[in-house]
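Please take a look at this chain and help me read its features one at a time.

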Amino acid sequence: MIVLKCPNCGAALQVSPDKDRARCDHCGSSVLILDAQKGIARLDASSDAAIDEMTKTRVARFVILGIVVVFILAMLSTVISSMITIITSVFTGVLQVILGIVI
Ligand SMILES: [Zn+2]
């Protein structure tokens, strides 16, 4: 057995020299062993920890996008409702003027 360092948590990782990957007992990461003799190992890109990190990033982006969209919609609805108020008052004014001329 060879002792490597887990690239995710730094815990000691015992691997057999004939295997190309191992699972960290401490953090559960899947670790690719590139060179066991030289102690070179890196986190497997498809490991749970890597996927977790990717999911967190995606969720964070999604939440930020959602907040921006809600903010824009709120701004738009405020603008639209004030425009409707202005148009209605102008229309009412014009209508009163026309009615005043006719009558
Ligand atoms: Zn670990």
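Predicted model: local features only at pLDDT ≥ 70, side-chain atom pairs only at ≥ 80, totals over all residues.

Q: How many helices and strands does the protein have?
A: Helices (H or I, at least four residues) and strands (E, at least two) are DSSP runs, numbered from the N terminus. The protein has one helix and five strands, in the order β-β-β-β-β-α along the sequence.

Q: In which sense do β1 and β2 pair?
A: Two strands pair if DSSP finds at least two bridges between them. Strand β1 (residues 2–5) pairs with strand β2 (residues 12–15) in the antiparallel sense, over four bridges. Leu-4 stands opposite Leu-13 in β2. Six residues lie between the two strands of this hairpin, where Gly-10 has a positive phi near 85 degrees.

Q: What joins β4 to β5?
A: Four bridges join β4 to strand β5 (residues 40–43), and the two run antiparallel. Their hairpin has four residues between the strands, and Gly-39 in the turn has a positive phi of about 75 degrees.

Q: What is the radius of gyration of the protein?
A: The radius of gyration is taken over C-alpha atoms, and the globule rule is 2.2 Å times the number of residues to the power 0.38. The protein has 32 Å, whereas a compact globule of 103 residues would have a value near 13 Å. Its C-alpha atoms fill a box of roughly 105 × 20 × 15 Å along the principal axes.

Terms used:
Residues numbered from 1 in each chain as written.
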